[in-house]
Amino acid sequence: METLLVVAAAETPVYRARFAQAMPDLHVVGTDEGFDPAAVDYVAGWHAAPGLFATLPGLRAVFALGAGVDALLARDDLPASLPLVRLLDAGMAEQMVEYALFGALTWQRRVHDYDLQQRHRLWRKQPPRTRGETAIGVLGLGSLGGAVAGELARFGYPVTGWSRRPREVDGVRCLHGDDGLVQLLGETDVLVNLLPSTPQTRGLLDRHRLGLLRPGAYLVQASRGDQFDHAALVDLIDDGCLGGALLDVFEREPLPTDSPLWTHPRIRITPHVAATTLVEPAVQQIADNIRRLRGGEPLQGVVDRRQDY
Ligand code: NAP
Ligand code: GLV
């Protein structure tokens, strides 16, 4: 019988039980109990102890319990020849749509302006903004960015998306390449970043590129925290060039308590919860991939090691 090792920190018992139920023909073990490393065929998880994969000589595939695999790719114990498989949507796209919509509405309905007024008991009407005049830019048009761009367009926002290769998303103007990025930034009021963290995207939203956004624009940062310049963001907001930000991800997580981002009146912080992995769809997707592997069929969501996502 094949063995699946679950590595999911405090959630290990929950995933272990659910995998065992979904695949009765699989021996499911967790890192929270004794197991024979030589017997492990598959790993499902994240935050595996350093060096763990090197101790599993029979490992045939690693299934990430998430969409982004930057942390797994940064390890030195995961050979490039081993299939690394990530989750495709698995219930995260609709959560990300909600998060992006929350960001778009925060800017459109001037939530930060009214929050500041409320602190001063100030009753003052600001000029209204319509959806039609709120230009959304979405960086990344994959499983999550594609859904976000399409749903925000259906909601009535003019949406422009940007990807590495040319893409088509219903109702969305799709751009690619360096010129496409410059064009998107210059025409965007609300920027939603859903790019994976790769050598090409780390530091992408630097002072110069953030400065290309429309005056008073808003950043929704929901992918990874190493893609934007924290200090430049604060400076640009303080200078009035940007209107604020909704930030879910940070270079250091948890965000250090002394970070100025915590207390900035035009920055809203959430603790990496824009889209959480849901047990049921994650287990179903991984179980389906294990069946595919057994049947010699192509796996869904294999990470392209040349592109790092
Ligand atoms: P995905 O399906 O791999 O999509 C990635 C998109 O980014 C694709 O459209 C890709 O272009 C584009 N892209 C990649 N590198 C690029 C580059 N150098 N230039 C331009 N476009 C580039 O990923 P996903 O499933 O949508 O997830 C996106 C990210 O969201 C994850 O990597 C993770 O970091 C983050 N995430 C965050 C949370 C949270 O709770 N905060 C939850 C889940 C995921 P192509 O279409 O041309 O390939
Ligand atoms: C969460 O950030 C994920 O990548 O799934």
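Which residues touch the most other members of the largest nonpolar core? Hi everyone, let's start there. The answer is Leu4, Phe19, Ile136, Val148, Val159 and Val192, in a core of 53 residues. By nonpolar core I mean a set of buried Ala, Val, Leu, Ile, Met, Phe, Trp, Tyr and Cys residues joined through side-chain atoms within 4.5 Å. Buried is under 20% relative accessible area, exposed is over 50%, and partly exposed is in between, with a 1.4 Å probe and protein chains only.

A quick word on the model. It is predicted, so local features need pLDDT of at least 70 and side-chain atom pairs count only at pLDDT 80 or more, while totals for chains, interfaces and linings use all residues. Residues are numbered from 1 along each chain as its sequence is written, chains are lettered from A and ligands numbered from 1 in the order in which they are written, and side-chain values use heavy atoms, leaving out hydrogens and water.

Helices (H or I, at least four residues) and strands (E, at least two) are DSSP runs, numbered from the N terminus. Ile136 has contacts, meaning heavy atoms within 4.5 Å, with residues including Ala104, Leu152, Tyr157 and Val192, not counting residues up to four places away in sequence. Another core, of 27 residues, lies apart from the largest one, with Leu181, Leu204, Leu205 and Phe228 among them.

Strand 3 has 6 of its 6 residues buried. Its parallel pairing with strand 1 runs over 5 bridges, and Leu5 is opposite Val43 there. Towards strand 4 there are 4 bridges, also parallel, with Gly45 opposite Ala64. Strand 4 (residues 61-64) then meets strand 5 over 2 parallel bridges, where Phe63 faces Val85.

Last, the cysteines. Searching the whole structure gives 0 disulfides, a disulfide being a pair of cysteine sulfur atoms within 2.5 Å. Cys174 counts as partly exposed because its relative accessibility is 22%. Thanks, all!

Definitions and conventions
Pairing = 2+ DSSP bridges.
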